[in-house]
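Colleague: Please take me through this structure, setting each value against the definition behind it.

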Amino acid sequence: MRPIPASRPNAYSGSPLDRASNRREDAEFIASALASPETLFTPVWRSRSLMKGVQEGKPEAVLLTGAAAEAVRMAGGPWAFLGFWEGRPVFAVDCSAAEDPLPLLPEGMGAFTDLRAVAGLLPPGEASVLAHARGLMHWRTRHRFCGVCGAGCEPRSAGNAMACTGCGTQHFPRTDPAVIMLVVREGRCLLGHSTRFPNSVMYSTLAGFVEPGETLEEAVQREVAEEAGIAVGAVHYHSSQPWPFPASIMLGFHAEGLSDEITIDPEELRDARWFTREQIRNPEAHGFALPRADSIARRLIEDWLAGEEPA
């Protein structure tokens, strides 16, 4: 089979930030940036991001400055330097300790919303910044103790690392690699209905985490064999997508199916089927739904659908 190129960027990609990692250890710069009225803060409350315009279907990220930012920081949660956006420092700040963070803000500043619900509607770059903040704050709030000795950890590198106060081990944000793949064979693609899907009729690409000592191609082949009993041949990279829900990166592939008979793992899938292009073009008419428009799964399906049949 031939590779199928990505037709457009994935959601949560294309960050406008200069991460400026060389400034993270500059304590004087960080202190000055935290106090500057020009600095932008993106707040995170219990894994939700501050936005306005959600009810109108035109969501926008709300970044705080000045007194509003200081009020949120007074909640006492972790914070981290994310980088520069058009020359202005940007920090993430977690305000999850507040039962209701909105009274901390001026009236009409918006509401805290699940980023996944609106990512496809946000202006370019904003979804990436909010995802960056969400993922980093999730790690910070859940990595307060050392996994080596159990002692408490303290933030370092402007919130981008943690250091154990007992044994001195340095800890860094984790990102778990997961492969996600569309298996294709003779004009059909393989989609499964996961036991975890809230939508009872949605069918999507197969996916799974990469295991230690495994290449990405081997992970694709193993996951497809385990979940659907299909042998896989050639594996071609398509694109990647940050997925900080809570801490993954999705590595997308198209894979060549070598067998037809499906044997599902009932722990992972309720069902799996081969779908033709005609069925994929008209999912409602055939009684199923495709994955969300902002997902890499949808990109893999749409780019296969638009491309020529692999030789």
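Colleague: How many bridges join S10 to strand S12 (residues 206–209), and do the two run parallel or antiparallel?

Modeller: Four bridges join S10 to S12, and the two run antiparallel. Two strands count as paired if DSSP finds at least two bridges between them, so S10 and S12 are a pair. Within it, Ile180 stands opposite Ala207 of S12. This is a predicted model, in which local features need pLDDT of at least 70 and side-chain atom pairs count only at pLDDT 80 or more, while totals for chains, interfaces and linings use all residues. Residues are numbered from 1 along each chain as its sequence is written, and side-chain values use heavy atoms, with hydrogens and water left out.

Colleague: What makes S10 and strand S14 (residues 248–257) a pair, and in which sense?

Modeller: Nine bridges connect S10 and S14, in the parallel sense. Val179 is placed opposite Leu251 in S14. Strand S11 (residues 188–194) is also joined to S10, by three antiparallel bridges, and Cys189 in S11 is the bridge partner of Val184. S10 and S11 make a hairpin with two residues between them, and Glu186 in the turn has a positive phi of about 50 degrees. The element names refer to DSSP runs numbered from the N terminus: helices are H or I with at least four residues, strands E with at least two.

Colleague: Why is strand S10 (residues 176–185) called largely enclosed by the rest of the structure?

Modeller: Buried means under 20% relative accessible area, exposed over 50% and partly exposed in between, with a 1.4 Å probe and protein chains only. Nine of the 10 residues of S10 are buried, so the strand is largely enclosed.

Colleague: How do you know which residues line one face of H1?

Modeller: In helix H1 (residues 27–35), the buried residues are Phe29, Ile30, Ala33 and Leu34. Viewed down the axis of H1, they fall within an arc of 130 degrees, so they line one face of the helix. The arc is taken over the directions from the helix axis to the C-beta atoms. Ala27, Glu28 and Ala35 are exposed, on the face of H1 turned away from the buried side. Among the elements covering the buried residues are strand S1 (40–45) and helix H2 (66–73).

Colleague: Which residues have the most contacts inside the largest nonpolar core?

Modeller: They are Tyr12, Leu115, Leu182, Cys189, Leu191, Ile280 and Trp304, in a core of 33 residues. The elements giving two or more residues to this core are helix H3 (126–142), S10, S11 and H6; H6 gives the largest share, six residues. A nonpolar core is a set of buried Ala, Val, Leu, Ile, Met, Phe, Trp, Tyr and Cys residues joined through side-chain atoms within 4.5 Å. In soluble globular proteins, nonpolar side chains tend to be buried together.

Colleague: What makes Arg188 and Asp260 a salt bridge?

Modeller: A salt bridge needs a side-chain nitrogen of Lys or Arg within 4 Å of a carboxyl oxygen of Asp or Glu. The closest N and O atoms of Arg188 and Asp260 are 2.7 Å apart, so the pair qualifies. This pair links distant parts of the chain, with Arg188 in S11 and Asp260 in the loop between S14 and strand S15 (269–276), 72 residues apart. Arg188 is partly exposed, with a relative accessible area of 21%, and Asp260 is partly exposed at 35%. Arg188 also forms a salt bridge with Glu186, at 3.9 Å between the closest N and O atoms; Glu186, at 60% relative accessibility, counts as exposed.

Colleague: Which side chains does Asp294 meet in a salt bridge, and is Asp294 buried or exposed?

Modeller: Asp294 meets Arg292 at 3.1 Å, N to O. With 6% relative accessibility Asp294 counts as buried, whereas Arg292, at 39%, counts as partly exposed.

Colleague: How many salt bridges does a search of the whole structure find?

Modeller: The search finds 20. Separately, Glu211, Glu214, Arg222, Glu223 and Glu226 are linked in a network of salt bridges.

Definitions and conventions: Contact means heavy atoms within 4.5 Å.
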